[in-house]
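I opened this structure to go through it part by part. These are my entries, in the order in which I made them.

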Amino acid sequence: MMDAQLVQLRYGLIGRSQAMISAVERILQVAPTNLSILITGESGTGKDVVARAIHGLSKRSGNRLVSVNCGALPETLLESELFGYEKGAFTGAVERRKGFFETAHEGTIFLDEIGEMTPQTQVKLLRVLENGEFSRVGSSDIQHVDVRVIAATNRNLELAVRERDFREDLYFRLNAVQIRLPALRERKEDIALLVNYFGASTAKDLNISFEGVSDEAIEVLSSLPWPGNVRELRNMIVTIVTLESGKYITAEMLRPHLPRILKQAEMPSVPQLADNKLVPSGGKPSDQAERELIYKTLLTVLEEVRELREDLAQGDFGNGGKAEDDELKVQQLNLEQNERQLIELALERCQHSRRKAAQLLGISERTLYRKIQRYNLDDQS
Ligand SMILES: Nc1ncnc2c1ncn2[C@@H]1O[C@H](COP(=O)(O)OP(=O)(O)OP(=O)(O)O)[C@@H](O)[C@H]1O
Ligand SMILES: [Mg+2]
């Protein structure tokens, strides 16, 4: 069996926290089997990485790993993509086509965002899981495949089952082995390790050296809530190391790179807020919990302000008086220049794949599309 640390490095699954170590142990244990796996965790916690590791460590690694995003396609399309179709099965089906299950024969299929699958497709999936059987759309002939299924979701499936949105039998079937990935805020002890890892690998890509990060900077990073988890932290470090050319990262240096919503605020001095009893201290909540609550509130408020400001800048509400404020305009300009640069950089690094660039930036493809148009970056793709 391969050594856990080696696996972590090979697949880029960094972390020494107990939660991460347990996840890696689980991966090593189940990878060689044919068991179906359910990977759960918030967005950006590494579900894709884990799926690749499981396939890579399995006896199927010589065959294909086919990834399907079940949330991205409408029901009928998803079914014909998964199971294939016969000529004439529907308008446009001009010839017979293989589905992903056939393509993944003797390999692995990764069903991402499984929680978005409709009940009708869930039934068909259950059938493949139980006996490897399915039919192409437009045919009643039974096909057989040998495919290992890995599913992932950031939804609470148990809740979906209770709300009759997800089939219980399918849930039990998938949930036989669950790998739960912790949110980044649940494993803050890994932040220093991750920053150094992303710092070093970015520097290596750029052919420069990375001078490290101060304890104080790690402290600031550890106090953030990280709704986008590792993806968000990674994007931030890649940006800082790139723009600062690998220089030693200090807390001061973080300020302009903090999530946009925090940027205009002071890096909040939390203990003072807490003393002012802005947050009721019912019972004895830990410092940490209070801090998080305050940050969350602050983030929401600042996000709203930012959205309003964007709308104003785009003239959605006419020429609002406040947007005329000079200082504000300068800030807006800086933000836009930063953003434009970042987007250009991301597009370049992803060979102009918008899907990948959006993922790298931690924004939706649609948002990226809007921004590309806004900054006239359209011509390159
Ligand atoms: N433990 C980790 N160590 C190093 N990098 C990680 C780790 N977890 C995630 N990443 C990196 O973070 C980014 C997001 O990971 P990934 O795409 O696997 O998240 P996800 O859980 O599939 O998110 P989503 O729900 O949005 O699809 C990737 O660049 C990945 O390499
Ligand atoms: Mg994913």
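The notes below cover the overall fold, the ligand, some helix contacts and a few backbone angles.

**Entry 1. Overall.** I am working with a predicted model. I looked up the secondary structure and found 18 helices and seven strands in the protein chain. The chain has 381 residues, and buried ones make up 27% of them. I then took the contacts with a separation of 6 or more: 71% of them join residues 24 or more positions apart.

**Entry 2. Confidence.** The average pLDDT of the protein chain is 83, and 78% of the residues score at least 70. Where does pLDDT stay under 50? I noted residues 268-285, for which the model has 15 contacts beyond four places in sequence. I also noted residues 315-324, with eight such contacts. Where pLDDT is low, the predicted coordinates should not be read in detail. I left both stretches there.

**Entry 3. Ligand 1.** I asked which residues are closest to ligand 1. They are Ile-14, Ser-43, Gly-46, Lys-47 and Asp-48, out of 16 residues that surround the ligand. Two elements, α3 (47-56) and α11 (229-243), each give two or more residues to this shell. By class, I recorded eight polar, four nonpolar and four charged residues in the shell.

**Entry 4. α1 against α2.** I looked up how helix α1 (residues 4-11) packs on helix α2 (residues 18-30), and the angle is about 95°, with the axes 10 Å apart. Angles of 65 to 115 degrees count as roughly perpendicular, so α1 and α2 belong in that class. On the α1 side I listed Ala-4, Val-7 and Gln-8; these meet Val-24, Glu-25 and Leu-28 of α2. The contact has four nonpolar residues, one polar and one charged.

**Entry 5. α4.** Which residues of helix α4 (residues 75-83) are buried? I found Leu-78, Glu-79, Ser-80, Leu-82 and Phe-83. Gly-84 follows α4 and has a positive phi, near 80°.

**Entry 6. α17 against α18.** I went on to helix α17 (residues 354-361), which packs on α18 at an angle of about 100°, with the axes 9 Å apart. The two helices are therefore roughly perpendicular. From α17 the contact takes Arg-354, Arg-355, Ala-357, Ala-358 and Leu-361, and from α18 it takes Glu-365, Leu-368 and Tyr-369. I counted the classes as five nonpolar, three charged and no polar residues.

Entry 7. Most residues other than glycine have a negative phi, and most peptide bonds are trans. I noted two residues that have a positive phi without being glycine, His-352 and Asn-376.

The phi of His-352 is about 65°. His-352 sits in the loop between α16 (326-349) and α17. Is His-352 buried, exposed or partly exposed? I put it down as partly exposed, because 13 other C-beta atoms lie within 10 Å.

The phi of Asn-376 is near 55°. Asn-376 is in the segment after α18 (365-374). Asn-376 has 8 C-beta neighbours inside 10 Å and so counts as exposed, the limit being 12 or fewer. I also checked Asn-376 against Arg-340: they are 36 residues apart in sequence, and their C-alpha atoms are 9.6 Å apart in space.

Note on methods. Residues numbered from 1 in each chain as written. Chains lettered and ligands numbered in written order. Predicted model: local features only at pLDDT ≥ 70, side-chain atom pairs only at ≥ 80, totals over all residues. Helix = DSSP H or I, 4+ residues; strand = E, 2+ residues; numbered from the N terminus. Buried ≥ 20, exposed ≤ 12 C-beta atoms within 10 Å, placed from the backbone. Contact = placed C-beta atoms within 7 Å. pLDDT = per-residue confidence, 0-100. Near = placed C-beta within 6 Å. Nonpolar A, V, L, I, M, F, W, Y, C, P; charged D, E, K, R; others polar. Axes fitted to C-alpha atoms, helices over the stretch in contact; angles between N-to-C directions. Parallel < 35°, antiparallel > 145°, perpendicular 65-115°, else oblique.
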